[in-house]
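The exercises below are to be worked through with the sequence and the model at hand, and each task is followed by its solution.

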Amino acid sequence: MRVNALGKGKAMEKKRSASLAAKAAAVRVLGEKGAEHFCFQMENAMEKDIFTVCGKDGMIQISACDGVSFLSGLNWYLRYICKKQITWETVLPAYSWEEFPTDFAPVTMRSPFRYRYFLNYCTYSYTMPFWDWERWEKELDLMALGGVNLALSLTGQEAVIRETLLQIGMAERDVEMYMPGVVYYAWFFMGNLSAFGQRPPGQWYCDRIELAGKIHARMAELGITPVLPGFYGIVPEALKKSYPSARIVEQGNWCGFLRPACLAGSDPLFGRMAKLYYQNQKNLIGDITPYFAAEPFHEGGRKDGISLSGHGAAIMGEMKEYRKDAVWVIQAWNQNPALELFESVDPQSVLILNLLSGRIQESHRITGEFHGIPWIYCPVHSYGGRNSMYGFLRTMAREPLEILGGKGSMCGIGLAPESLETNPVFYELFWDMTYREEPLDLPKWLEGYVQRRYGKAQEKTLTAWRLLEDSVYNSFVPQPGGAESYLCARPGMNLSSVSTWGPKQVNYDMDYLKKAGALLFSQMKELWEQDSFRYDLVDVTRQCLANESRILYARLMYCVEQGIKKDFLDVKDMFLKLIRTQENILIHHEAFGLKRFLDMAFQCGKKYGLEKEFLVQAKTLLTVWGDERCGVLHDYSCREWSGLTGDLYYKRWKLFLECLEENRKEGEMVSGIGNLTKDWEGSGENEGRIRLPSDSDWYQMEKEWADLANIPETDEADGTEVFEMAYRKFICGDRSN
């Protein structure tokens with residue numbers, strides 16, 4: 001079926017004024033009673049990106065001329081006057097405030113950044129694939145409260161692509177075969193893969209357009225400009241059936257997947273398709289933004305016979321024909337983009353997202369220039385949804401403003417997280433930087449953060465956070481995310497990381513983390529009922545146990561190498577107990593549970609009778625990622641979540657360690673790691689021994705787990721004794737039985 005326009009224009013025509021939109025957001029955030037204390041005064045004479053907050057006549061008056069500034073002012077007041085915070089895991093109406101302070105000196109804050117950007121293609125797959133309007137509504141409010149005024153918007157864009165391909169003459173079956181499953185849209189829009197996963201029915205496309213209409217109407221109310229995908233020549237190879245003479249260049253593979261082909265910008269069909277694409281986008285989504293994202297040759301792809309400067313000029317030319325004020329938004333990531341793409345393009349019509357910002361490398365692409373093209377300081381975070389503690393608070397608190405004050409072409413600040421809902425302190429700091437003209441005093445800011453987080457800044461909790469800031473949140477080497485947990489790894493004899501591109505080492509003093517955890521643990525009785533404290537205690541304890549898994553793994557391999565039987569059995573039992581302990585820690589906060597993600601998948605799929613299929617897609621993404629051909633991606637999205645740690649991860653390690661133990665029983669433990677590789681077949685001198693599982697064996701086990709379309713059961717949290725045991729047995733050094 002084809003998708004019809006669903007009246008997005010009407011929703012956009014009804015957008016309310018900025019002050020009314022801010023008031024409505026205050027009601028959603030604070031509740032009706034709380035919002036009564038706030039007056040949002042529209043000041044047309046004020047510049048954009050400025051707010052003033054003052055107490056007046058028993059009310060809190062926030063003056064501004066755009067919705068994002070209004071809500072940034074509200075957030076400033078809540079943080080610095082009320083000492084409260086809003087995060088993914090904190091909802092303000094839960095607080096019972098009788099009064100809001102009005103006795104404070106007026107304050108005016110200005111953002112020095114023209115752009116405050118948010119989101120990443122990957123966010124839409126690793127976190128958002130099953131979001132409903134209720135969850136989106138909360139996220140949009142958080143974005144505005146955090147000062148974001150430019151955000152990537154992918155919802156519903158699959159319908160634009162589908163309609164364009166149908167109109168250009170492709171058979172509906174070929175179009176359906178080209179589209180991917182719903183959890184793979186991120187890489188589809190970047191031109192990395194196609195034709196993989198369970199495709200949704202036609203009704204899905206209509207529903208997504210309707211959801212996109214709500215998202216964009218709210219963005220317009222709040223003052224957030226969307227960045228929509230533009231046309232850059234990504235097409236199915238099957239298009240050759242209808243246009244055999246078109247210059248369609250096969251792009252090869254990406255991580256084992258077939259990439260879409262590239263239609264050369266010099267081919268007449270390029271302009272025809274681009275016009276159809278933008279017309280369909282206008283009909284289905286609306287003419288709502290001049291910003292269009294396009295990622296030609298992202299992470300590879302063949303350029304055979306394609307002039308990069310000519311292709312770039314064609315992409316930009318079609319954008320400009322659709323909108324004269326069009327701006328091409330593109331990611332800078334490793335070797336992307338090739339700057340030759342912009343040789344025949346007005347550089348002021350390009351906006352580069354520098355995803356490697358904040359990571360120290362010897363490259364002008366990190367903190368330097370792109371031949372004068374405007375760029376945004378826009379680090380990646382939370383790779384694949386892995387929930388390791390990770391951030392670079394000191395760098396974020398000073399570097400964006402230092403670079404902005406130079407003579408370069410940086411024009412904004414942003415974050416491009418591959419997933420959301422981890423490491424709240426890093427995001428809180430980013431929100432605070434969006435309206436800052438001077439670098440933050442980080443120690444003072446951290447003290448305020450602890451007070452907002454727990455209601456007061458006790459010496460022990462503050463000391464804990466100083467230790468965290470000086471360890472896990474002071475990442476100073478270029479690496480993709482925080483230290484991974486070996487509990488999440490496919491077992492093997494030579495582990496160096498969990499995911500293919502994961503960090504190979506812990507780049508901080510692990511004792512700092514243990515000391516921080518012990519300090520938080522000491523405050524458990526007093527602060528346990530606070531959701532934010534419980535989140536942090538679970539997170540820090542989880543990371544301590546994750547780090548311990550690396551130490552115990554090294555001991556296991558040493559025992560195998562040296563042929564030490566008794567110690568091997570002791571460490572084996574300790575390792576399995578560590579996994580069970582981790583599972584019992586994670587149960588204590590829903591943010592660390594698999595159930596929430598799978599519940600969303602189930603409810604999203606239920607509408608189409610695809611609840612099982614959506615569950616399988618969700619579980620697949622977290623484990624094998626796709627299928628056996630994409631082996632480099634397995635466990636890229638590994639997460640220490642209850643229901644995953646205690647189920648699949650535990651079963652994998654138990655099988656592996658039992659295989660080693662069975663081999664020990666057959667005779668003397670084999671000395672030398674080389675005799676126990678993952679491909680060992682148990683032949684020759686090792687005849688009769690148990691073969692260790694190979695990558696193919698692990699894949700089959702993981703796929704069976706994912707294909708079982710269920711939501712794994714987890715035990716109810718049974719008190720806090722497990723924390724005491726974790727700190728006594730694993731974290732503070734007492735490993736006695």
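**Exercise 1: a helix pair**

A18, A21, A25 and R28 in helix 2 meet R218, E221 and L222 in helix 9, where contact means heavy atoms within 4.5 Å and helices are DSSP runs (H or I, at least four residues) numbered from the N terminus. The model is predicted, so that local features need pLDDT of at least 70 and side-chain atom pairs count only at pLDDT 80 or more, while totals for chains, interfaces and linings use all residues. Residues are numbered from 1 along each chain as its sequence is written, and side-chain values use heavy atoms, with hydrogens and water left out.

Task: How do the axes of helix 2 and helix 9 cross, and at which angle?

Solution: Start with the axes, lines fitted to C-alpha atoms over the stretch in contact, with angles from 0 to 180 degrees between N-to-C directions; those of helix 2 and helix 9 come within 8 Å and cross at roughly 115°. Helix 2 and helix 9 are therefore roughly perpendicular, a term for angles of 65 to 115 degrees.

**Exercise 2: helix 5**

Task: Which residues of helix 5 are buried?

Solution: Apply the cut-off for buried, under 20% relative accessible area (1.4 Å probe, protein chains only), to residues 133–145. The buried residues are W133, R135, W136, E139, L140, D141, L142, M143, A144 and L145. With 10 of its 13 residues buried, helix 5 is therefore largely enclosed by the rest of the structure. Finally, look for what covers these residues, which includes helix 2, helix 3 (67–80) and helix 9.

How values were computed. Helices (H or I, at least four residues) and strands (E, at least two) are DSSP runs, numbered from the N terminus. The expected span of a helix is 1.5 Å times one less than its number of residues. Buried means under 20% relative accessible area, exposed over 50%, partly exposed in between (1.4 Å probe, protein chains only). Angles under 35 degrees count as roughly parallel, over 145 as roughly antiparallel, 65 to 115 as roughly perpendicular and the rest as oblique.
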